[in-house]
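Dear colleague,

I am handing over the structure below, and after it I set out what was found in it. Please keep it open beside this message while you read.

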Amino acid sequence: MTQTIFPQLDIPHTLAAGPGPGATDARVLQRFGAAGMADHMHPDVLRGMAECKHMLRAVMGTDNVHTFGVAGTGWSGLDCMMSAVMPGDTVVAFVNGTFSGIDGLTLRMKAATAEELAANSMDPQAASVTIVEIPHGQSVDGATVEAALAEHKPKWAFMAHWETGSGRVNDLRGFSDACARHGAMGLIDAVSSLGVENFAIDDYPGVAAWASCPQKGICCLPLTYAPVSFTDRYIDVLRATGARTFTHHPILEARHWGIVDGADVEKGTYHRTHSAYAVAAFHEALRLTLQETLAARAAAYAFHEAALREAVEALGCTVTSNMTSLVVLNLPADFAGREMELIQKCRAEGFGIWPTLSAPVQIRIGILNQLSREAVTDIVERFAAAMRDLGAGTDMDAVYGALSARYDEAIAAE
Ligand SMILES: *Cc1c(COP(=O)(O)O)cnc(C)c1O
């Protein structure tokens, strides 16, 4: 066996202009780098975790005691959220893109019987799980949820709040109401919406559990915490039927955050090792979110997304998304089929835009933590230059006209 010691790894800075991860805030990176080496039972680390828990309840808009962070990324939080789903449980999942598709797969893995899992372990077909497919580019609406829950009366229902694959906002109110009407415990993937949209999870009583991620609306990539929140009803079901995991067991994992027997306690107890760096970064990201306020942030996303949308439309593109943290678009008809070529060229130049990850191929341009006229103009100019390289005629007067219509009018209105 030969041994190679590679040179020190240098990773360049890129403009993160995709669906995620977003540009981690400089304040967050500063706290990450400034944290001292302290173990996961150090009083200030435990205090930081307890403070995070309280701030997270404010960010999520909830009195749920079981609100905390799961170390890792969005899927880590989602795995924890789905941990109470047991083999044979009835589930209805609404799928309208890549991410809800993977959530549906996770639910089929958890609800499959041993025989069903063994028959096709990577993609089990669980008889107790109904996947309701909504075409790419469309939202899940309340009537669809109502009809499926009325028909199947499942124990669990699942939906993504914002489906980042197709850039679509789904009907959370309709989903929650239908869950409440039919006695289903709602599960929501809020990975893309938390920290971007202004909503309070306690306003949706049909939803029993929520999961999000660190690196999108919360602006905290340095692998920190995926926010999760569980109602008492979920915790009661979990306590009764259990979960086949230690690490992601919501009741056990909550202990380190100072949540024991359904109540806040003075001091967390050991569940797993926590990083002082991650705790410090997450703490700062939550402080930043609360200082900016969700209302102001949500308004800023809506405003800047509109500017980006109108500018790419002025370039002849068609936008099919309605989320406020990104646009999902088709190139002008003459350039259809050349999306990957354009994206790869942009990415090679450090301009990090993305394709859709499942068919059809579309371009996704995001504005996570890029909420300024300068940032959006930079994104638009880089995208226009890439279109020109492809041979497209770009009417920059129309593009700048669209941008100034948004931005100058806003200044005039002040
Ligand atoms: C990004 C995303 C995920 C996956 O999150 P990771 O952080 O990559 O684990 C899941 N669901 C939705 C809706 C997402 O946008």
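To begin with a term needed further on, Ala, Val, Leu, Ile, Met, Phe, Trp, Tyr, Cys and Pro count as nonpolar, Asp, Glu, Lys and Arg as charged, and the others, Gly among them, as polar. The model is a predicted one, in which local features need pLDDT of at least 70 and side-chain atom pairs count only at pLDDT 80 or more, while totals for chains, interfaces and linings use all residues. Residues are numbered from 1 along each chain as its sequence is written, and side-chain values use heavy atoms, with hydrogens and water left out.

I take the open space in the protein next. On a 1 Å grid over the protein atoms alone, a pocket is an open set of points with protein on both sides within 12 Å along at least five of seven lines, a cavity is a set of points where a 1.4 Å probe fits but cannot get out, and lining residues have an atom within 4 Å of a point. Grid points are joined across faces, edges and corners, and a volume is the space filled by probe spheres set on the points. The largest pocket has a volume of about 510 Å³, and of the 21 residues that line this pocket, Pro 12, His 13, Thr 14, Ala 16 and Leu 221 are the closest to its centre. By class, its lining has eleven nonpolar, nine polar and one charged residues. There is one cavity of 30 Å³ or more, and the largest cavity holds about 40 Å³ of space. Its lining includes Leu 46, Trp 257 and Glu 266, and divides into five nonpolar, three polar and three charged residues.

What surrounds the ligand? With a residue counted as near if one of its heavy atoms lies within 4 Å, the residues around the ligand include Thr 73, Trp 75, Thr 164, Asp 189 and Gln 215. The shell has five nonpolar, five polar and two charged residues. A polar side-chain atom of Thr 164 lies 2.3 Å from an oxygen atom of the ligand, and for Gln 215 the corresponding distance is 2.7 Å. The protein covers 91% of the 380 Å² of accessible area (Shrake-Rupley method, 1.4 Å probe) that the ligand has on its own.

Finally, there are 19 salt bridges, each a side-chain nitrogen of Lys or Arg within 4 Å of a carboxyl oxygen of Asp or Glu. One of them joins Asp 89 and Lys 155 at 3.3 Å, N to O.

With best wishes

Notes. A polar contact is a pair of N or O atoms within 3.5 Å; within protein, one must be able to donate a hydrogen and the other to accept it, and residues adjacent in sequence count only if both atoms are side-chain atoms.
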